[in-house]
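Please look over the structure below before reading on. The report that follows is meant to be read beside it.

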Amino acid sequence: MKINMMHGAGGAVFGELLGETLTKYKNNNAGGIGLESLDDGAVIPIDGKNIVLTTDSHVVRPLFFPGGDIGRIAVCGTANDLAMMGGKPLALTCSMIIEEGFDIEILERIVQSMDSALEEAGASIVTGDTKVLAKGEIDGIAINTAGIGIAEKPVRDSALKPGDIIIVSGTLGDHGLAIMTSREGFDFGEQIRSDVAPVWNLVNAAMQAGEVHAMKDPTRGGFSNAINEMAEKSGVQVRISEESLPIRRSVRSASELLGINPLDVANEGKVVMGVAPEDAEAILAAIKKDKYGKDAAIVGRVVEGKSVIMETGIGGERFIEPPVGDPVPRVC
Amino acid sequence: MQKCGIIVVKGIVQGVGFRPFVYSLAEKYNISGSVQNLGSEVRVVACGDNFDSFLSEIGKGTPLSKIDSVDVLDYSGAAVSGFYIDKSSSGTLSGFIPADVSICDDCIDDIRDKNGRYFSYWATSCVNCGPRYSIILDVPYDRERTTMDEFPLCAGCRKEYEDPLSRRHHAQTIACRNCGPGLFLYDRSGNPVECTDPLEKAAEFLDAGHIMAIRGIGGFHIACTESSASCLKERLGRTEQALAIMAGRMSFIDSVAYVSDEEREILRGPEHPVVVLVKRERDSLCEVSNLDTIGIMLPYSGLHHLLFDNLKAPFLIMTSANSPGNPMITEYETALLKLRSSVDYFLTHNRVIKNRCDDSVVRDGYIIRMSRGYAPKRTSADLGGRCILAVGPELNSNITVYKGGFCYTSPHVGNVRNPSTLDYLKETVHKMTAITGAEYDIIAHDMHPQFLSTRYAKELSDISGAQLIPVQHHRAHIAAVCTKPCVGIAIDGVGLGDDGTVWGGEVFAGCVPELERVGHLETVDMPGGDLATRFPERMLYGILPDDLTAGILAGRGMSELELNVLDRQVKAGINVAKTSSTGRVLDAASALLGICREKTYDGEPAMKLEASASAGTPAKWEREFKTESGCRVFQTSSLLRRARAEYLSGTDVSDIAASFQYNLAAGIAEIAVESAGILGYDKVAVSGGVAYNKMIRETVINIIRSHDLIPVLNRDFPLGDGCISYGQAVYAGKMKG
Ligand SMILES: [Fe+3]
Ligand SMILES: [Mg+2]
Ligand SMILES: [Zn+2]
Ligand SMILES: [Zn+2]
């Protein structure tokens, strides 16, 4: 079998590739949390400290879009994965693969943008690598970053407990629809901006305010994918209240016009967390004080059972399912 | 010259009065011995001079029994005197349980007999009628394993139950006013309504225009008279969808609709389904149905008959009580909770409905919804020694179990796309597994990875180790119709195809399970995926994405922003599925002609197109074909373009609708006929929900016949997706193990 585009879409098809090929290492754990957990990053205990390590490659098109650019994503993607493990981002590597003929001015803008994101995240790029490929061997530029952080108390995505409250740190679907809109030239009347942002400060505030049991950033596959992974790995059922989900009006109307579920598309500056019920209000208040957490909301709760169920306004229920990649119509 | 033997009768012999039948025959032919029910078979020990006559009469069975085989074994036991009925014991379970049966004429006489024990009693039944599947807890079917167990027989009932010559001898549902389940009337807050006769009072409320939830055989209905129809639709939020009615008398049905002899028989048959009939006056009863047809049934239980005896109105609207997409409500407590804002009163009873069963629906002799009366359905099938579970598709689903030469198909489960319907699917699997005693080697399911039924199949196979066999939706359609070499036409909504596109207008050739796709409708854009099913104008633009179409849509009120986004979406191919569905092309035509802009219930755009076409005259249009990857492809875009030209030049909308349907049907039939000619097949199987459309079906059949080929349609299973689980089982069973 050959790789197809569905394999890269982050849904169930990617899940199969991941399980059957990409994680078949016998050497997969350096003590602590390793590849077997398929969490946002790894944790390596050294001398009583928890070092968090993660890596991510970025190939977004267009390179610059409303609300961000490839450089900002390259920093935030990795810094946020560290934060999702409860780790404060310290240092990142940066490796760029660039196509012959790429404009150096554009490269300068990307580096600038990376630097300002590092500033916000409180981290630095401390080493790197650059390769140039002949024209046509790569489309423009790809950026890989790896990062280390340090976690006082590592947080996993698999530790939801019945009774927990589910909080999202802001509106859902912004990044995915912003990219689609600017790439394909849609005009929805109102501009949709990507949410790409570093979330460590917000996560840190939440962890100071109360007990955070599990965290995940809803990137590829969106909220649907993240919450399903959390529920499945934790062996619990999550019940989401449809009315409480924060979705920007512009994102909602764009997704209605395209037939795309805003819960299925990527976010780049959001956190989904399961918190102890008694701390939920305090944590929510702490998140809301952060620049990137103003629209945070309690969206659901954890109960015993399995799967993720959406409670709709009219007393109905439906499943929130992980997207398969490209949507396949199902109505007969 | 006395003769002895053990007569073994196999088939549906439980709950159909078989033992009393044998008993009375023994009496008639002076036979001594005994009769015993073993679950799947009845064993008769018989000795007497008239053994042969006795044997041949047994072979005829009772009205509700289905006899597969009658065998005679040697009897070497001691001679017996007299004839007696042994208590049931369970055996192998190939016999299965009959479906619920409408009240018989004898029992109707009983409830109207002022001097009889059953006068005015709502739950009157006998061995020939009454509930079966809806009340059974386990097999064999005996009173202690039904929900009637809570109602111990009074002396009068016991006497009839034990009297071998009575029509209620061993009638497991026997009950009377003294000992059986009662009726109760409550207001919307759940307070009892003071009255001497709940039925009389209920009829009074209904005649006064109140809306009432009525608990029947397999679940709750919501009922009202014609004057409250629009109010009911408003409260249910289903303003467009046609509702079914129950008419007190056949004469009323004749006065509003055309009824053929076949339809009359179906209306009055043991199943008593809703029959979709063509109205005499297109605009009559339009508050009930805005189509050219209306679904009508006759009263099918004592409760309904007694209600109509008290009612002044000639008919009631009777729609199953459920929120859209959820299973019908069966319990009073749930009804009270969920329906208090939709109904004014509740007429309920205290007999537990163990297994939900919706009303069945039939049109032109074809089953649309296979449920009460028709299912559980047992079908003889030669699918080998492995045991199969087929979990069905997503919409209009049911399940099928195959075991030892028979398929057992459950009643209608519904649209398996939310937690409550998934639970109902699981419950149905458990129930059907228990009553058939199946242990599965194979689980067949749809190819769509996201269907809840597919996921459930995987879960089951993880636990049991059963082999999973995915079956392409439209091959299942054909497998449900014909297992001989044939060409198969599947004209349908949508189902995932082999190539990842969405199929639904397919021509296959071969023999199950080797069905090769040899032709199909043109693969067109479906902008927004499922969104294009909900808004058929998107389908129209997906097929004809140009300024002319944009002009038509703008004229109907589609905003410039929306049109621009739609245009961009089609051009960029963002979330645009590809489909060869017949249903979606009909939707597009319905949108083009301004007949339907938004689908509010399943099949609405195509049904309204058909209603419009019924008043039109079809014309023959030129049909274009091409060959693509070895398949004959019928160019539906050119058909739609022609329809648009006719529309813009002012041709009558009904005539365009008729022509469109006619030419669409003719095009796909021509592909099939051509393939049959090339391959030398003589049969053309036809399946899929679009085949309910009379003009399309008849056009296809006529073209097949005119080429001296044999059209094959299945009248025992739905043409739509109610045949899929059966087709999946057949397909999987025919695969080499
Ligand atoms: Fe179908
Ligand atoms: Mg991540
Ligand atoms: Zn009867
Ligand atoms: Zn009684």
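The sections below go through the model topic by topic.

## Ground rules

This is a predicted model: local features need pLDDT of at least 70, side-chain atom pairs count only at pLDDT 80 or more, and totals for chains, interfaces and linings use all residues. Residues are numbered from 1 along each chain as its sequence is written, while chains are lettered from A and ligands numbered from 1 in the order in which they are written.

Helices (H or I, at least four residues) and strands (E, at least two) are DSSP runs, numbered from the N terminus. UniProt positions are given in the numbering used here, feature names are shortened, and annotations may be inferred rather than shown by experiment.

## Annotated domains of chain B

UniProt places "domain: Acylphosphatase-like" at residues 4–87 of chain B, from an unreviewed entry. That span is 24% helix and 40% strand. Its end C-alpha atoms lie 21 Å apart.

A further UniProt feature, "domain: YrdC-like", covers residues 196–373 of chain B, again from an unreviewed entry. Here the span is 28% helix and 22% strand, and the end C-alpha atoms lie 32 Å apart.

## The listed active site

Under "active site", UniProt (unreviewed entry) lists B:Arg19 and B:Asn37. They span 19 residues in sequence, yet no two of their C-alpha atoms are more than 7.5 Å apart, so they gather at one spot. B:Arg19 sits in helix α1 of chain B. B:Asn37 belongs to strand β2 of chain B.

A residue is buried if 20 or more other C-beta atoms lie within 10 Å of its own, exposed if 12 or fewer, and partly exposed in between; C-beta atoms are placed from the backbone. B:Arg19 counts as buried, because it has 24 C-beta neighbours inside 10 Å. B:Asn37 has 25 such neighbours inside 10 Å, so B:Asn37 also counts as buried. Two residues are in contact if their C-beta atoms, placed from the backbone, lie within 7 Å. Leaving aside neighbours within four places in sequence, B:Arg19 is in contact with B:Val35, B:Asn37, B:Val42, B:Ile85 and B:His170.

Most residues other than glycine have a negative phi, and most peptide bonds are trans. B:His170 is not a glycine, yet its phi is positive, near 55°. B:His170 lies in the loop between α4 (155–162) and β6 (183–187) of chain B. With 24 C-beta neighbours inside 10 Å, B:His170 counts as buried. B:Asn30 also has a positive phi, about 60°. Its loop runs between α1 (18–29) and β2 (32–37) of chain B. B:Asn30 counts as exposed, because it has 11 C-beta neighbours inside 10 Å.

Cis peptide bonds also occur. One joins B:Ala375 and B:Pro376, with omega about 5°. B:Pro376 is in the loop between β15 (366–369) and β16 (377–380) of chain B. Another joins B:Val512 and B:Pro513, with omega about 5°. B:Pro513 is in the loop between β23 (502–511) and β24 (514–521) of chain B.

## Helix packing

Axes are lines fitted to C-alpha atoms, for helices over the stretch in contact, and angles run from 0 to 180 degrees between N-to-C directions. Angles under 35 degrees count as roughly parallel, over 145 as roughly antiparallel, 65 to 115 as roughly perpendicular and the rest as oblique. Helices α1(B) and α2 (residues 51–58) of chain B pack at about 155°, with axes 10 Å apart. That makes α1(B) roughly antiparallel to α2(B). B:Val22, B:Leu25, B:Ala26 and B:Tyr29 of α1(B) meet B:Ser53, B:Phe54, B:Glu57 and B:Ile58 of α2(B).

The axes of α5 (residues 198–207) and α9 (residues 302–310) of chain B come within 8 Å and cross at roughly 60°. That makes α5(B) oblique to α9(B). B:Leu199, B:Glu200, B:Ala202 and B:Ala203 of α5(B) make the contact with B:Leu306, B:Leu307 and B:Asn310 of α9(B).

## Contact between the chains

In total, 33 residues of chain B are in contact with 25 residues of chain A. On chain B, the elements giving two or more residues to the side that touches chain A are α11 (419–436), β22 (486–496), α14 (531–534) and α17 (560–572). α17(B) gives the most to that side, with seven residues.
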